[in-house]
Amino acid sequence: MAFKGGDLLSEKAAGDGHGESSSYFDGWKAYDMNPFDLRHNRGGVIQMGLAENQLTLDLVEEWSKNHPEASIGTAEGVSQFKRIANFQDYHGLPEFREAMAQFMGQVRGRKATFDSDRVVMSGGATGAQETLAFCLANPGEAFLVPTPYYPAFDRDCCWRSGIKLLPIECHSFNDFRLTEEALVSAYDAARRQGIRVKGILITNPSNPLGTITDRGTLAMLATFATEHRIHLVCDEIYAGSVFAKPEYVSIAEVIERDVPGCNRDLIHIVYSLSKDFGLPGFRVGIIYSYNDAVVACARRMSSFGLVSSQTQYFLARMLSDEEFIGHFLKESTRRLAARHERFTSGLREVGIGCLRGNAGLFTWMDLRGMLREKTPEAELELWRVIIHKVKLNVSPGTSFHCREPGWFRVCHANMDDETMEVALDRIRGFVRQHQRRAKAERWAAKGQLRLSLPRHGAAAAASPYLALSSPMSLLSPQSPMVHAAS
Amino acid sequence: MGGKLLPAALGAGSPHLSQVATSAAHGEDSPYFAGWKAYDENPYDAVTNPDGVIQMGLAENQVSFELIEGYLREHPEAAGWGGGAGSFRDNALFLDCHGLKSFRKAMASFMEKIRDGKARFDPDRIVLTAGATAANELLTFILANPGDALLIPTPYYPGFDRDLTWRTGVNIVPVHCDSANGFEVTVAALQEAYDEAAAAGMRVCGVLITNPSNPLGTTVKRTVLEDILDFVVCKNIHLISDEIYSGSVFAAPDLVSVAELVESRARHGGDDVANRVHIVYSLSKDLGLPGFRVGLVYSYNDAVVTTARRMSSFTLVSSQTQKTLAAMLSDEAFADAYIRTNREHLRARHDHIVAGLARAGVSCLRGNAGLFVWMDMRRLLGDGDGDATVAGELRLWDKMLHDVKLNISPGSSCHCSEPGWFRVCFANMSSATLDLALARISRFTDGWNCCS
């Protein structure tokens with residue numbers, strides 16, 4: 001009997017839980033086939049779909065050069081080689097845990113302190129989310145997640161664990177803030193479907209929004225979790241990437257100061273060095289739980305995804321260099337703020353607005369006015385134009401489960417200044433072209449209808465968004481122009 | 001901003017964790033952890049605690065470190081980020097579940113050298129994972145559904161109970177082997193295990209072997225491998241070959257890797273075998289680098305490679321480590337010298353412990369690989385009335401731990417169906433410590449001989 005390649009694999013292997021069949025991978029493919037290069041391929045696709053922080057690697061590199069003893073293979077560090085290479089204890093190097101706890105506190109402006117015995121390693125934040133799903137919920141049970149959310153949560157939390165993610169819908173009318181009403185509604189909807197909710201998963205600062213969750217909402221979440229005896233997982237991997245006011249508030253601070261009566265056994269934080277430090281290759285994920293049983297279980301599970309002891313050793317040294325870290329965080333904030341400002345002001349020049357963000361490595365860009373119609377299909381149509389004609393790999397909001405079509409996440413910290421300018425030029429060129437076409441179509445429509453539209457003309461002048469809107473929106477069913485045209 | 005003050009009673013006590021979290025399948029409640037405890041509480045140290053417990057339960061390779069340290073001293077650029085602007089940056093940003101190409105090529109080449117060139121490895125079939133622990137779990141997720149069965153010859157590495165079943169929901173059904181034929185796997189035993197699984201309503205997804213074997217310290221004979229391959233083809237199931245000790249074969253017979261058989265069968269026109277064979281490797285044992293978390297899945301099945309690569313997102317190898325090791329392992333002169341020298345060191349250690357045990361009247365299964373010996377203590381069980389039981393084995397183990405002060409691993413922890421066998425590691429200590437351990441065993445058996 002011939003044994004074909006795909007035969008006899010598990011359901012998990014044969015299914016789509018890996019998330020890569022999604023059409024969103026078209027953007028990646030387009031980039032891979034034609035990647036932009038400042039010197040060799042200026043016509044290529046610019047990668048704006050990757051939330052990487054490339055702005056501060058020079059600082060880390062310099063530190064590494066000045067501290068050869070932090071690398072166990074160098075002459076200065078090799079005396080530690082045997083001890084470190086042999087160290088596979090899943091508690092992790094004590095100095096690494098201590099340095100990480102110290103660093104997490106420093107990132108949060110020392111408004112919270114972290115106990116090194118609660119620091120548990122994982123295979124990046126990816127591994128941390130999966131481990132928590134395994135620890136906190138059974139197959140078929142659910143976590144509630146505010147939309148829009150990081151697409152890979154579907155794979156990380158659900159693929160091998162079998163848990164479900166159910167959305168808490170958030171909307172632009174209140175800047176996508178999570179409300180108690182929306183949370184209750186999602187919770188009740190799950191109950192009605194007979195699905196057991198085991199936890200809430202938030203990302204703070206938010207990916208893709210680039211905003212932080214305010215203190216009141218965090219307190220509301222901690223209270224809700226306590227009252228309903230469900231877990232609260234806070235993914236804080238962008239905590240060190242807050243570059244403007246309002247000041248960041250971590251759940252760690254809230255449970256100490258604002259909701260002291262909350263059940264701490266429910267509170268778990270995911271952290272990583274992939275974003276704040278720009279070290280995704282080093283695979284440093286951390287689970288920090290206030291629940292002893294979860295710490296113990298996650299630690300056992302960390303056997304499946306420990307951080308390389310070579311990397312632990314290096315980072316233990318770097319993260320405990322408080323002076324360097326202080327300088328790094330300050331400089332990182334400054335560079336992120338500058339980059340964010342440059343990018344968003346460049347967009348404003350052509351009337352493109354963004355959700356007002358103060359954190360993260362990306363912007364939540366509002367292109368609703370450029371949609372042919374307010375549908376996900378129209379969003380994907382626009383997205384394909386952006387990828388193939390404008391040659392920018394941006395991420396469409398529907399890939400983040402956003403309910404409102406027309407939003408796009410655009411990463412801007414993963415490139416140098418020159419590339420950023422090329423990207424802005426392309427966006428501006430595209431938007432202006434779109435505006436010209438829309439204007440021409442409106443004039444053509446006007447010509448056909450032989451009606452003057454002072455009211456609409458005035459409105460168009462007042463709002464830059466309407467200037468971008470398609471002529472279709474003027475021919476709504478309620479408009480008298482429809483009758484006139486037909 | 002004040003928060004709501006919640007009544008003290010509300011929220012008291014922990015909410016449910018998952019079934020996976022509360023199960024005992026992590027294996028750490030097992031009585032065998034008493035051994036670790038005894039060592040942790042009273043660890044031997046030549047200077048500060050010469051009467052402490054000597055750790056002989058840890059399969060670590062510490063006999064060849066100086067080769068690696070020597071390489072690094074001569075090639076400092078391997079551990080640094082090399083010259084040229086941006087190489088730190090490139091490495092730190094490198095996040096690709098394909099892994100560094102240079103590292104995969106180096107691993108493929110290393111695996112070929114270990115097998116004396118008798119099999120080729122394609123770097124594009126290598127999927128990197130953070131250790132063999134992750135590789136074994138990942139393969140299980142890919143090849144089996146919850147409730148399915150994996151057939152594993154006994155005795156086997158105790159960690160498999162956790163690695164293969166804990167989060168996957170898959171069952172291990174043992175394939176019983178015993179000393180009558182040197183613990184070799186037989187087709188009859190495989191069939192018996194297969195039938196047992198079927199009777200319990202479990203679908204068998206595959207067979208998992210460890211070659212060289214942990215805890216036996218032996219390589220699997222070519223004819224036995226052929227039988228196992230025939231069996232998996234006949235039953236239309238998978239074969240996982242955990243070859244993490246493949247670089248630790250120090251005596252005849254040479255290692256026969258399943259890779260060799262897959263190639264030979266392919267040459268003879270059989271197209272039914274390759275797609276079901278998957279190999280696990282790691283640098284924790286052969287190179288003595290368990291802390292670096294370097295494991296891999298090597299599969300001849302394209303769908304498995306693709307899926308494994310996607311799943312490896314949960315367990316990638318640090319790019320820093322990939323870079324350091326790529327440089328070292330692609331240095332052919334180093335790799336050749338290391339493999340050769342490591343084998344010599346292991347052989348010397350092995351022969352030394354076997355001779356020492358023989359003088360103490362203790363025999364071992366004849367081994368040719370690994371970092372341990374499979375010691376035969378059957379005659380020391382019970383009160384000499386010949387009734388070998390697990391209880392007797394555990395009593396003997398307890399004596400070894402608390403009186404002789406050696407942490408060795410009882411066969412029952414490896415699911416051995418024949419009481420009285422113990423795994424004893426010899427490569428994780430200095431030779432002076434090994435001699436001391438042998439002296440302690442000798443005193444113990446002298447005492448035994450006197451009294452019996």
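Visitor: Which residues form one aromatic cluster here?

Guide: In this predicted model, one aromatic cluster is formed by Trp63(A), Phe103(A), Tyr271(A), Phe277(A), Phe282(A), Phe314(A), Phe324(A) and Phe328(A), together with Phe88(B).

Visitor: How many aromatic pairs are there over all chains, and how should I read a single one?

Guide: Over all chains the structure holds 33 aromatic pairs. To read one, look at the distance between the ring centres and then at the angle between the planes, since planes over 60 degrees apart count as edge-to-face, those under 30 as stacked and the rest as tilted. The rings of Phe103(A) and Tyr271(A), for example, have centres 6.3 Å apart and planes at 45 degrees, so this pair is tilted. It links distant parts of the chain, because Phe103(A) belongs to helix α5 and Tyr271(A) to strand β7 of chain A, 168 residues apart.

Visitor: Are Phe103(A) and Tyr271(A) buried or exposed?

Guide: Buried means under 20% relative accessible area. Phe103(A), at 0% relative accessibility, counts as buried, and Tyr271(A), also at 0%, counts as buried.

Visitor: What kind of pair do Phe176(A) and Trp407(A) make?

Guide: Their ring centres are 5.2 Å apart and their planes stand at 85 degrees, so the pair is edge-to-face. Phe176(A) lies in the loop between β4 and α8 of chain A, while Trp407(A) lies in strand β13, 231 residues apart. Both Phe176(A) and Trp407(A) are buried.

Visitor: Where does the charged end of Arg155(A) sit?

Guide: A ring can also have a charge over it, and here the charged end of Arg155(A) sits over the ring of Phe314(B), 5.8 Å from its centre. Within chain A, Arg317(A) lies over the face of Tyr313(A), at 4.1 Å from the ring centre.

Visitor: How many residues does each chain give to the contact, and how many salt bridges are there between chain A and chain B?

Guide: Chain A brings 86 residues to the contact and chain B brings 81, and about 7600 Å² is buried between them, 58% of it on carbon and sulfur atoms. The count between the two chains is 3 salt bridges, and in a salt bridge Glu20(A) meets Arg310(B) through their side chains, at 3.0 Å from N to O.

Visitor: Which residue caps the N-terminal end of α11(B)?

Guide: Asn301(B) caps that end, with a side-chain oxygen 2.9 Å from the backbone nitrogen of Ala303(B). Further along helix α11 of chain B, the buried residues include Val304(B), Val305(B) and Met311(B).

Methods
Residues numbered from 1 in each chain as written. Chains lettered and ligands numbered in written order. Predicted model: local features only at pLDDT ≥ 70, side-chain atom pairs only at ≥ 80, totals over all residues. Heavy atoms only, no water. Phe/Tyr/Trp six-rings, centres within 6.5 Å; stacked < 30°, edge-to-face > 60°. Helix = DSSP H or I, 4+ residues; strand = E, 2+ residues; numbered from the N terminus. Buried < 20%, exposed > 50% of the residue type's maximum accessible area, 1.4 Å probe, protein only. Lys NZ or Arg CZ within 6 Å of the ring centre and 35° of its normal. Polar contact = N/O pair within 3.5 Å; in protein donor to acceptor, adjacent residues only side chain to side chain. Contact = heavy atoms within 4.5 Å. Buried area = accessible area lost by both parts, 1.4 Å probe. Salt bridge = Lys/Arg side-chain N within 4 Å of Asp/Glu carboxyl O.
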